[in-house]
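Hello,

I am passing a structure on to you, and I hope you enjoy looking through it. Please open it first; my notes follow below.

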Amino acid sequence: MIRMQQVSKTFDHGQTFAVQEVNLEVADGETLVLLGTSGCGKTTTLKMINRLVEPSSGIIEVDGRNVMDCPLQKLRRNIGYAFQGVGLFPHFTVGENITIGLRLDGRPKKERLARAREMLALVALEEEFIDRYPHQLSGGQQQRVGVARALAGAPKNLLMDEPFGALDAITRDTLQKEYLKLQRELNKTVIFVTHDIIEALTVADRIAVMHAGRIEQVGSKTEILQQPATDFVRHLFAKPAEQLRDYWEAMHE
Ligand SMILES: Nc1ncnc2c1ncn2[C@@H]1O[C@H](COP(=O)(O)OP(=O)(O)OP(=O)(O)O)[C@@H](O)[C@H]1O
Ligand SMILES: [Mg+2]
């Protein structure tokens, strides 16, 4: 479980709020989508959970433990992180990228190799990719490797920052469906960041709508669509009706 209580983050000596009084609770096995436009504070929120960014105030707990009291390595072992913009190491092979965490943990090479193979299969990439370098992969394949890396340490919790961003609509659609299948199997506790409404509706158990550093509404898809709590939420979902109709049809197929 991930819980944030009154969490804020200011930059520039308290002049600007990137995140303001955020309260969130993500239950075990749940995918909570953090949805909002560019610059609203999504990445900063994720980074505070695994302490890439230190909160200015508030409390964050992962599996009942205050993250500030948890040794960094232990904390991060329990939280897989798929970075915005992939962030693969260009001079490492795919296999090395996937198992970098295991290497830092001093796991033997044989185990790392086996794990890399297992993870490639999990994200539906061929085994031959293991010795390639990131630049020899397409954007979508790189993003799969990013997800494989986040999953490699078998973390209970997963932070995914626009993991399928910057892809064409068809590839995105495929990856979203694969994500759903994978999540049914793995049952991780996930915060999934996106600015794409259809993606949010596709992968979410619940959605948290973020705007200008604040959470405007947290709720089920039906709640958010049928009872928007603020004008911002209402306008955000006043998308072309056709797009939403496709979504409902796909949901009820
Ligand atoms: N290190 C920093 N120093 C100063 N301001 C920052 C820093 N990091 C982020 N910000 C600001 O905090 C706000 C939130 O940034 P954040 O990266 O969390 O947004 P985001 O919702 O992830 O946006 P995007 O969808 O574009 O990735 C932005 O206004 C950004 O400029
Ligand atoms: Mg971001």
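Predicted model: local features only at pLDDT ≥ 70, side-chain atom pairs only at ≥ 80, totals over all residues.

**What turned up**

R132 sits over the face of F129, 4.4 Å from the ring centre.

Next, the rings. There are 4 aromatic pairs by the rule used here. In one of them, F164 and F192 have ring centres 5.8 Å apart and planes at 65 degrees; since edge-to-face means over 60 degrees, the pair is edge-to-face. F164 comes from the loop between β7 (157-161) and α7 (169-186), while F192 belongs to strand β8 (residues 189-194), so this pair ties together parts that are 28 residues apart in sequence. F192 also pairs with Y179, again edge-to-face, with 5.3 Å from centre to centre and 70 degrees between the planes. Here helix α7 supplies Y179 and strand β8 supplies F192, so parts that are 13 residues apart in sequence are tied together. Are its members buried or exposed? F164 and F192 are both buried, F192 with a relative accessible area of 0%, and Y179 counts as buried at 5%.

Finally, the metal. T43 (OG1) and Q84 (OE1) coordinate the magnesium ion (ligand 2) at 2.0 to 2.4 Å. T43 lies in helix α1 (residues 42-49) and Q84 in the loop between β6 (79-82) and α3 (94-98), so the pair ties together parts that are 41 residues apart in sequence. T43 is partly exposed, at 22% relative accessible area, and Q84 is partly exposed at 43%.

Best wishes

Conventions. Residues numbered from 1 in each chain as written. Chains lettered and ligands numbered in written order. Heavy atoms only, no water. Donors = N, O, S within 2.8 Å, 3.2 Å for Na, K, Ca; no water. Helix = DSSP H or I, 4+ residues; strand = E, 2+ residues; numbered from the N terminus. Buried < 20%, exposed > 50% of the residue type's maximum accessible area, 1.4 Å probe, protein only. Phe/Tyr/Trp six-rings, centres within 6.5 Å; stacked < 30°, edge-to-face > 60°. Lys NZ or Arg CZ within 6 Å of the ring centre and 35° of its normal.
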